[in-house]
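Please keep the sequence and the 3D view at hand while reading.

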Amino acid sequence: MKYMDEFRDPATAKKLVEEIKRLAPIARGQRDMPLQIMEFCGGHTHTLFKYGIESMLPADIEMVHGPGCPVCVLPMARVDDCVVIAEQPGVIFTTFGDAMRVPGTCKSLLQAKADGCDVRMVYSPMDALAIARKNPDRDVVFFALGFETTMPSTALTLLQAHREGLKNFSLFCNHITTPATMRAILTDPDLRLDGFLAPGHVSMVIGAHPYDFVTRDYRKPLVITGFEPLDILQALWMLVKQFAEGRCEVENQYARIVPEAGNVEGLKAIAEVYETREHSEFRGLGNIGDAGIQIRETYAAYDAERKFKLQAAASTHDPEHLKCADVLRGVMKPWECPAFAKTCNPQNPLGALMVSPEGSCAAYYAYGKLAKRKENT
Amino acid sequence: MCLGIPGQITELVDLEFLVAKVDIGGVKRDVIITCVVDDEHPAESCVGDWVLVHAGFAMSRLDEEEAARTLALLAELGDMQAEIDLMRQVETST
């Protein structure tokens with residue numbers, strides 16, 4: 001496919017890897033540990049594993065897999081809320097496929113469906129709206145999940161429902177914002193990071209400037225990058241160049257998709273519909289102020305949380321033997337969790353990191369044997 | 001979750017609701033184009049545009065010049081590497 005295949009050329013990848021290898025020791029300098037680079041986004045984690053990029057990198061660079069996978073940071077209690085809504089008589093609960101198999105404390109949405117709830121997988125929130133139009137006597141709820149990439153699509157869908165005066169459509173809003181989550185990571189005392197690969201598709205919505213605090217306040221270089229292997233390798237090359245030349249900047253490798261100011265119409269829709277929550281609990285990250293998003297009072301009629309009078313979710317902790325939180329924060333590798341590949345596997349996932357193909361546990365399980373061996377030796 | 005796929009707008013379906021047909025790797029789908037149109041680039045001029053599609057919405061107009069620039073830079077890197085390799089060969093042989 002155009003604009004994908006040319007960013008997968010193996011010969012160019014090889015040359016980029018050679019350049020990275022040449023610069024990495026200079027970039028690492030006097031550090032006693034390898035450079036710790038976090039790819040924030042689960043999509044980048046997936047590319048790293050799918051193309052075996054980590055095994056090509058020199059020992060001076062270590063990738064730390066970030067929490068940028070919305071289903072992975074979703075607390076179990078929120079899945080329980082989804083099930084509570086889906087169990088209401090007359091409800092059609094619609095969701096992206098990623099969220100179907102995420103375990104709640106009692107069951108997943110897939111299990112709720114098996115138990116007779118009307119749970120439907122959709123590709124777009126607009127598909128959920130179409131279901132609402134076709135079923136005026138049913139209450140259609142869309143599970144609005146995801147970082148800023150997805151927020152314009154759910155906001156515009158809500159605005160469309162409002163224009164049409166649809167009374168039987170609502171969003172269960174669980175959006176989360178990237179810069180606030182990054183700030184939480186940067187203030188975590190257990191985590192030592194040197195730089196970031198920033199998510200390309202979040203950035204096409206928010207632009208490059210919301211990351212300015214990362215370089216200004218925390219002195220961590222950051223490169224916004226795309227999702228093809230050459231994108232990631234070029235971004236890593238740009239990042240090691242920054243270290244080697246003593247620079248600390250926000251750079252944009254993905255300029256073909258990411259305008260500096262982001263997407264004006266998308267940001268307008270987000271600002272119209274959403275506001276930040278004061279406190280939100282995330283799996284592995286705890287309570288982060290300003291990272292969670294809720295629907296503004298003006299659009300309360302389209303807010304499933306208000307419509308179904310959900311109680312504020314009680315704090316749920318992962319079972320003791322599951323180390324999802326530590327893996328999410330990047331302080332533990334997936335295979336160091338006692339449940340990894342034993343009681344927790346893609347067929348029977350106990351934690352969300354094993355459910356989503358973007359979760360680092362699922363990625364290690366599917367592709368990670370080489371990387372694991374490399375680190376063991 | 002944040003998956004986005006490049007596709008090309010082939011026709012306008014609904015000008016009022018800003019729906020267009022987008023060819024994504026041979027699959028044609030109705031996509032909302034609200035986020036890629038403005039006064040300077042109205043819906044009528046979108047046919048032929050490459051866009052990034054996420055969850056049924058065109059979220060960015062692909063900048064074909066920037067794409068070409070990135071590829072040119074990568075190709076240049078290849079040339080530079082070839083030159084370095086050549087220099088090394090010359091050094092070792094002399």
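## A hairpin in chain A

Strand β11 (residues 279–282) of chain A and strand β12 (residues 286–289) of chain A run antiparallel and are joined by 4 bridges. Strands here are DSSP runs of E with at least two residues, helices are runs of H or I with at least four residues, and both are numbered from the N terminus. Two strands count as paired if DSSP finds at least two bridges between them. Within this pair, A:Glu281 stands opposite A:Asn287 of β12(A). β11(A) and β12(A) form a hairpin with 3 residues between them, and A:Gly284 in the turn has a positive phi of about 80°.

The model is predicted: local features need pLDDT of at least 70, side-chain atom pairs count only at pLDDT 80 or more, and totals for chains, interfaces and linings use all residues. Residues are numbered from 1 along each chain as its sequence is written, while chains are lettered from A and ligands numbered from 1 in the order in which they are written.

## The five-stranded sheet

In chain A, 5 strands form an open sheet with parallel pairing, in the order β2-β1-β7-β8-β9. β2 (61–68) and β9 (250–252) of chain A are at the edges with a single partner strand each, so one side of each has no neighbour in the sheet. From one strand to the next, the twist averages 25°; axes are lines fitted to C-alpha atoms, for helices over the stretch in contact, and angles run from 0 to 180 degrees between N-to-C directions.

Strand β1 (residues 35–41) of chain A runs parallel to β2(A), and 6 bridges join the two. One bridge partner pair is A:Cys41 with A:Gly68 in β2(A).

## The four-stranded sheet

Another open sheet in chain A has 4 strands in the order β4-β3-β5-β6, with parallel pairing. Its edge strands are β4 and β6 (169–175) of chain A, each of which pairs on one side only. Neighbouring strands of this sheet are turned by 25° against each other on average, direction ignored.

Strand β3 (residues 91–95) of chain A pairs with strand β4 (residues 118–121) of chain A in the parallel sense over 4 bridges. From β3(A) the chain crosses through helix α5 (residues 109–114) of chain A to β4(A), in a right-handed β-α-β crossover. Right-handed means that, with the strands pointing away from the viewer, the path from the first strand over the helix to the second runs clockwise. Across the pair, A:Thr94 stands opposite A:Arg120, and A:Thr95 stands opposite A:Met121.

Helix α6 (residues 125–134) of chain A lies across β3, β4, β5 and β6 of chain A, at about 175° to β5(A).

## The nonpolar core

Which residues have the most contacts inside the largest nonpolar core? They are A:Val71, A:Ala86 and B:Ala58, in a core of 143 residues. Such a core is a set of buried Ala, Val, Leu, Ile, Met, Phe, Trp, Tyr and Cys residues joined through C-beta atoms within 7 Å; buried means that 20 or more other C-beta atoms, placed from the backbone, lie within 10 Å of the residue's own. Helix α11 (residues 229–244) of chain A gives the largest share of this core, 9 residues.

## Where the chains touch

The contact takes 43 residues from chain A and 28 residues from chain B; two residues are in contact if their C-beta atoms, placed from the backbone, lie within 7 Å. On the side of chain B that touches chain A, α1(B) gives the most, with 8 residues.

Notes
Buried ≥ 20, exposed ≤ 12 C-beta atoms within 10 Å, placed from the backbone.
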